[in-house]
Amino acid sequence: MSAPTATAEAAPMSRRQTLEALSGLLLVLFVAMLSSTVVSIALPKIIGALNGSQTQYTWVVTATLLTATASTPIWGKLADLFNKKLLIQIAIVVFLAGSIVAGFAQSAGQLIAARAFQGIGVGGLQALVQVAIAAMIPPRERGRYNGYLGGVMALATVGGPLLGGLIVDTSWLGWRWCFFVGVPVAVVALILLQATLHLPTVRRDDVKIDYLGASLIAAGVSVLLIWISFVDDSFAWLSWQTAAMVGGALVLLALAIWVESRTAEPVVPLKIVRERTTALAILGSLAVGMAMFGGSVFLGQYFQIGRGYSPTEAGLLTIPMMAGVLLSSIVAGRLITASGRIKPYIVAGSIILVAGFALLGTIDHETPLLVLGAAMFIVGTGVGMTMQNLVLAVQNTVALKDIGAASSSVAFFRSLGGTIGVSVLGAVLARRVTERITHDLAAAGIPTSGSGGGSSTLNLGALPTPVQHIVRAAYGDATGHIFFISAAIAVVGIIAALLLKPVTLRSSLDLPDAARSAAVAADAVDGAPAFDQVTVDATGKESARR
């Protein structure tokens, strides 16, 4: 492997410059999150307007998560090789194109395809924002800034559903503006980052991107998710289709692992993934992603279809969850910065998350809103204390040169968990709804043909009033079951958190050993005498002596 090409080292950014650049990065993160939260609350109306089914409802979400998952490690690896600022801007452009195409979709199938393309940009943004922040701010100080991240997450998650509900309920706008609304914000972020973000770039002459490994991972996961969507509906669990799809997915994923272990530049570096803290953080992120994405994506559907609220009302009813995310991420972030300890907050957050989902698992179509609000607040608190801090725990253990691959690996598995969670829980929901509707329609003496079920239209306005009541009760009661499954999945996160090593976050941008090696390598390139010693003082500031 050839040595890095020498580049001018950028001067450290001042606090003012850091905050200016951070504002652009947070705006980018806000846009990426808004793309999901705006749509989530409006999706029942969107799928109804496009005459889509429950399966298509799930795939509008799954398609974005799937392509974001597959592209995240590629973006992360590119960030270790190329200019991070340029990559963020490219990701924004891809996201913008996908948003515009989604807004003009004429069918559920076209919408799913557009959302899949949009997911490529989302994958870049969710990986590269973390990488850029890690390149600017030391881990010890990053806890404080994680509070800002939590605030943006909460704002996007609270404001998104409200905005989506208002857009759908405003006749002169319509649901298409759920996709158009993020375009001007993304353009502003693009301009702001061009003016404020300044990061050093280290280029190598032997750049290699593992496209084969990424393709195999995406193909393996896609086949598995397609099987989950159709098993027990289009074909049986024990059938040749199941054997072919599950066997094919396992073969593709096994080949992906084989390729990743032998390629020079793997998209998911096994060396980093095998490290204890990274492996446990990945396991925790996988569980959190499955529980969080898989559970919360159906809240909008529960309030609108199961309880009969408007999209705007449904957005307002999700505020307790986002308030929990906002408060817990800010408070935990500041406490982590003050103490340098991160494990206690991840463990506590994992336990709180399970408790919240367990309480949501008891709901039905008549549960008091006060109980729902309390359960959602508890879930939000758990998410705020775990999600970003799992990434921070990994970033603290790796050298700055590997920060992109490490951060994107955690984001990759969290997104993968979310993709699997949405698909699995969506399939479970569709099966239970179908069974309940079929049973209740038969009990009421109403013919079942074309009146409900997992593959039927979600346009309730087209159904007779008695059938509407049956469908609402079925969705309201079935949603509690999938939250209970989410709680069981999230228990894995508690186990992973308990096994994490108790460490104190470092105060330097890079590991001391990595800083020493980089200094020696730079001198070798420049022909200058090597540094005799690199030291780290009490504040974590690195210095060198010849």
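Guide: A salt bridge is a side-chain nitrogen of Lys or Arg within 4 Å of a carboxyl oxygen of Asp or Glu. Please note that this is a predicted model, in which local features need pLDDT of at least 70 and side-chain atom pairs count only at pLDDT 80 or more, while totals for chains, interfaces and linings use all residues. Residues are numbered from 1 along each chain as its sequence is written, and side-chain values use heavy atoms, with hydrogens and water left out.

Visitor: How many salt bridges does a search of the whole structure find?
Guide: The search finds three. In one of them, Arg436 and Asp440 meet through their side chains, at 2.7 Å from N to O.

Visitor: Is Asp440 buried or exposed?
Guide: Asp440 counts as buried because its relative accessibility is 18%. The cut-offs are under 20% relative accessible area for buried, over 50% for exposed, and partly exposed in between, with a 1.4 Å probe and protein chains only. Arg436, at 29%, counts as partly exposed.

Visitor: Which other residue forms a salt bridge with Arg436?
Guide: Asp477 does, with the closest N and O atoms 2.6 Å apart. This pair links distant parts of the chain, since Arg436 is in helix 17 and Asp477 in helix 18, 41 residues apart. Asp477 is partly exposed, at 22% relative accessibility.

Visitor: And which side chain does Lys45 meet in a salt bridge?
Guide: Lys45 meets Asp169, at 3.9 Å from N to O. Lys45 belongs to helix 1 (residues 15–49) and Asp169 to helix 5 (residues 139–169), so the pair ties together parts that are 124 residues apart in sequence. Lys45 is partly exposed at 40% relative accessibility, and Asp169 is partly exposed at 36%.

Visitor: Why can such side chains pair at all?
Guide: Side chains of opposite charge can do so when their charged atoms come close.

Visitor: Let us turn to helix packing. At what angle do the axes of helix 14 and helix 16 cross?
Guide: The axes of helix 14 (residues 319–339) and helix 16 (residues 369–395) cross at roughly 40° and come within 7 Å. That makes helix 14 oblique to helix 16. Axes are lines fitted to C-alpha atoms, for helices over the stretch in contact, and angles run from 0 to 180 degrees between N-to-C directions. Angles under 35 degrees count as roughly parallel, over 145 as roughly antiparallel, 65 to 115 as roughly perpendicular, and the rest as oblique.

Visitor: Is the crossing of helix 14 and helix 16 left-handed or right-handed?
Guide: The crossing is right-handed. The term applies if the near helix is turned clockwise from the far one by less than a right angle, and left-handed applies if it is turned anticlockwise.

Visitor: How does helix 15 pack with helix 16?
Guide: Helix 15 (residues 343–360) packs with helix 16 at an angle of about 150°, their axes being 7 Å apart. That makes helix 15 roughly antiparallel to helix 16. The crossing of helix 15 and helix 16 is left-handed.

Visitor: Now the surface. Which residues form a nonpolar patch there?
Guide: Val491, Ile495 and Leu499 form one, with about 240 Å² of accessible area together. Patches are made of residues with over 30% relative accessible area and no salt bridge; like charges are joined within 9 Å, and nonpolar side chains (Val, Leu, Ile, Met, Phe, Trp, Tyr) within 5 Å. Accessible areas come from the Shrake-Rupley method with a 1.4 Å probe, and for residues only the protein chains shown count as cover. Ile495 is in helix 18 (residues 465–499) and is partly exposed at 47% relative accessibility.

Visitor: Finally, how far apart are Arg432 and Tyr475 in space?
Guide: Their C-alpha atoms are 8.5 Å apart, although the two residues are 43 residues apart in sequence. Arg432 lies in helix 17 and is partly exposed, with a relative accessible area of 37%.

Notes: Helices (H or I, at least four residues) and strands (E, at least two) are DSSP runs, numbered from the N terminus.
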